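This report is meant to be read alongside the sequence and the coordinates, with the viewer open at the places it names.

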Amino acid sequence: MTNTDTTGTVPYAAEEPARMEWAKHAPEVYKAMVRLDVAARQGLDPKLAELVKIRASQLNHCAFCLDMHSKDALAAGESAERIIQLSAWEESRHFYTEKEIAAIELTEAVTVLTDGFVPDEVYERAAKQFDEAELSQLIAAIAVINAWNRFGVTCRMAPGHYRPGQHR
């Protein structure tokens, strides 16, 4: 089946089918991930949590999670402008608070891990913006979205069908 634009005239590429419905075949793992996700978000500002999830999903190329968390961020009151600028946040720092920048920077360091560790200066900037309990929750939220991204990318979950709040 070919999708079309909003006018119904320009054909888009066909949607790639999912490789598998992993949640259907590993329901206990899926339920545990949902519980972990709920626990990791506790005490975090919902908009900040969505920005973190979007940034990690951008880095991991998880289209399904980008679709989901962009929609959830918009539903939580986040602006389209800040979501769009997130992929270039270093050049668009003036769109974000120092606390958000510290969270985004930590998200990148935890997500990529190309040096095998989170640099001290990145951790210290985050530790100055978040108390230990909130920082612990932030690290947990980053770890959880990275796990979700790996399921989404590996199983090729298709973006575009999510409705805000659908998986809450």
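What follows treats an annotated domain, a pair of helices, and then a few individual residues.

The model is predicted, and the values given below are computed from it. The UniProt record, in an unreviewed entry, lists residues 27–108 under "domain: Carboxymuconolactone decarboxylase-like".

Helix H3 covers residues 46–60 and helix H4 covers residues 63–75, and their axes come within 9 Å of each other while crossing at roughly 160°. Because angles over 145 degrees count as roughly antiparallel, H3 is roughly antiparallel to H4. The crossing of H3 and H4 is left-handed. On the H3 side the contact is made by Glu 50, Lys 53, Ile 54, Ser 57 and Gln 58, and on the H4 side by Cys 65, Leu 66, His 69, Ser 70, Asp 72 and Ala 73. Sorted by class, the contact of H3 with H4 comprises four nonpolar, four polar and three charged residues.

**Residues with a positive phi**

Most residues other than glycine have a negative phi. Against that background, Leu 113 has a positive phi of about 50° although it is not a glycine, and Arg 156, also not a glycine, has a positive phi of about 55°. Leu 113 sits in the loop between helix H6, residues 98–112, and helix H7, residues 120–129, whereas Arg 156 belongs to the segment after helix H8, residues 132–155.

**A proline before H1**

Which segment holds Pro 17? Pro 17 lies in the segment before helix H1, which spans residues 22–25. Pro 17 and Val 110 are 93 residues apart in sequence, and their C-alpha atoms are 30 Å apart in space.

**Accessibility of the single residues**

| Residue | Relative accessible area | Class |
|---|---|---|
| Pro 17 | 55% | exposed |
| Leu 113 | 42% | partly exposed |
| Arg 156 | 30% | partly exposed |

The classes follow from the cut-offs, since exposed means over 50% relative accessible area and buried means under 20%, with partly exposed in between. Pro 17, at 55%, is therefore exposed, whereas Leu 113, at 42%, counts as partly exposed, and Arg 156, at 30%, is likewise classed as partly exposed.

Definitions and conventions: Residues numbered from 1 in each chain as written. Predicted model: local features only at pLDDT ≥ 70, side-chain atom pairs only at ≥ 80, totals over all residues. Heavy atoms only, no water. Axes fitted to C-alpha atoms, helices over the stretch in contact; angles between N-to-C directions. Helix = DSSP H or I, 4+ residues; strand = E, 2+ residues; numbered from the N terminus. Parallel < 35°, antiparallel > 145°, perpendicular 65-115°, else oblique. Left-handed = near helix turned anticlockwise from the far one by under 90°. Contact = heavy atoms within 4.5 Å. Nonpolar A, V, L, I, M, F, W, Y, C, P; charged D, E, K, R; others polar. Buried < 20%, exposed > 50% of the residue type's maximum accessible area, 1.4 Å probe, protein only. UniProt positions renumbered as here; feature names shortened; annotations may be inferred.
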